[in-house]
Every structure is written in structure tokens, then in C-alpha cells.
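Hello,

Here is the structure I promised to pass on to you. Please have a look at it first, and then read my notes below.

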Amino acid sequence: MAGTGLVIEVRPSPESIAYGTPISGISPNLLTRFINELNRYKGHSLEIDGKRYTKLSSIRDINGITAVNGLNVSNPPFEMKIITQSFSDGEKLHNYLLASSIHDDFYLDNLILEICKPKNGIKIRGWHEKFENFFFLI
């Protein structure tokens, strides 16, 4: 899938690098809060560290490592890609994320968000799993 969107890079904060703080992965709680911020804008597709995120996806802590759909999310730095419906929607989302307080939440976990300006040609992976609809008769 490809379209207009933006790329967000999650990086360790410069202070944590300067002080030698061990770099840990993003917590499932923080990732869920970020996705809730994104959900204020409808009509977008999301990829987190190469893993496609949909409404059916799960974010869990598996043995101390954050996983999306059962696949581990890398320690920072990693990218999140967002495809929006139009270029103007991408600009609105970009401006909203720049002004959002979610940056403070990331900074408390020694992480920063680097939000790139919207551009054309963002590519994200498709959904590899098969959607199944189970219907039971009783």
C-alpha cells in the first residue's frame, strides 16, 4: 500500500545517550497512547517498525518486549509510517502531532518523536494474515 503520508522516527533522547542511560524499547502503554492520539484522525493506515497495525491488531508485552501482532518491536531508533487520505489530511495530522502533548509522554520514557513533513510515495506493508469471520449456530 502506498500513498501520501508521514514518517515518524522514534529515537532515544539526546540526554539519555549523553548520560549513558540504557536504551529500552517502547512500552505497550505508551504505544497504545500514541495510537489513541492518531485515532482522533480517521482514515489512515499505520505501520509500526515494519509491522502493519489495523483495528484487529494487538499490542502486548511478551516477556518484557513490546509486540505488535505477536512480532517484537525493535529498540529505538525505529520508524512508524502513516498513510492519510489526502495531502491536506497529512498536513493536519502533522501539525496536530507537533502540538500534541504525546511528546512529553515519550520524553518521560527517554524517547523522542521526530515527525517528518507529509510527502507522497510513503509505502507500508499489507496485512499478511487472513481475515476470518466465525459464525456459530446454537
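Two strands count as paired if DSSP finds at least two bridges between them; helices (H or I, at least four residues) and strands (E, at least two) are DSSP runs, numbered from the N terminus. This is a predicted model, in which local features need pLDDT of at least 70 and side-chain atom pairs count only at pLDDT 80 or more, while totals for chains, interfaces and linings use all residues. Residues are numbered from 1 along each chain as its sequence is written, and side-chain values use heavy atoms, with hydrogens and water left out.

With that settled, strand S4 (residues 59-62) and strand S5 (residues 65-68) pair in the antiparallel sense over 4 bridges. Arginine 60 has alanine 67 in S5 as its bridge partner, and aspartate 61 stands opposite threonine 66 in S5. The hairpin leaves 2 residues between the strands, and asparagine 63 takes a positive phi near 55° there.

Now for the chain as a whole. There are 4 helices and 9 strands, following the pattern β-α-α-β-β-β-β-β-β-α-α-β-β along the sequence. The radius of gyration is 16 Å, close to the 14 Å that the globule rule gives for 138 residues, so the chain is as compact as a globular protein of that length. That radius is taken over C-alpha atoms, and the rule is 2.2 Å times the number of residues to the power 0.38. Along the principal axes, the C-alpha atoms fill a box of roughly 60 × 40 × 25 Å.

Of the 138 residues, 39% are buried (under 20% relative accessible area; exposed is over 50%, partly exposed in between, with a 1.4 Å probe and protein chains only). Among contacts (heavy atoms within 4.5 Å) between residues at least 6 apart in sequence, 79% join residues at least 24 apart.

Glycine 43 counts as partly exposed, at 34% relative accessibility. Leaving aside neighbours within four places in sequence, glycine 43 is in contact with Ile83, Thr84 and Gln85. Its C-alpha atom is separated by 39 Å from that of alanine 18, 25 residues apart along the chain.

Best wishes
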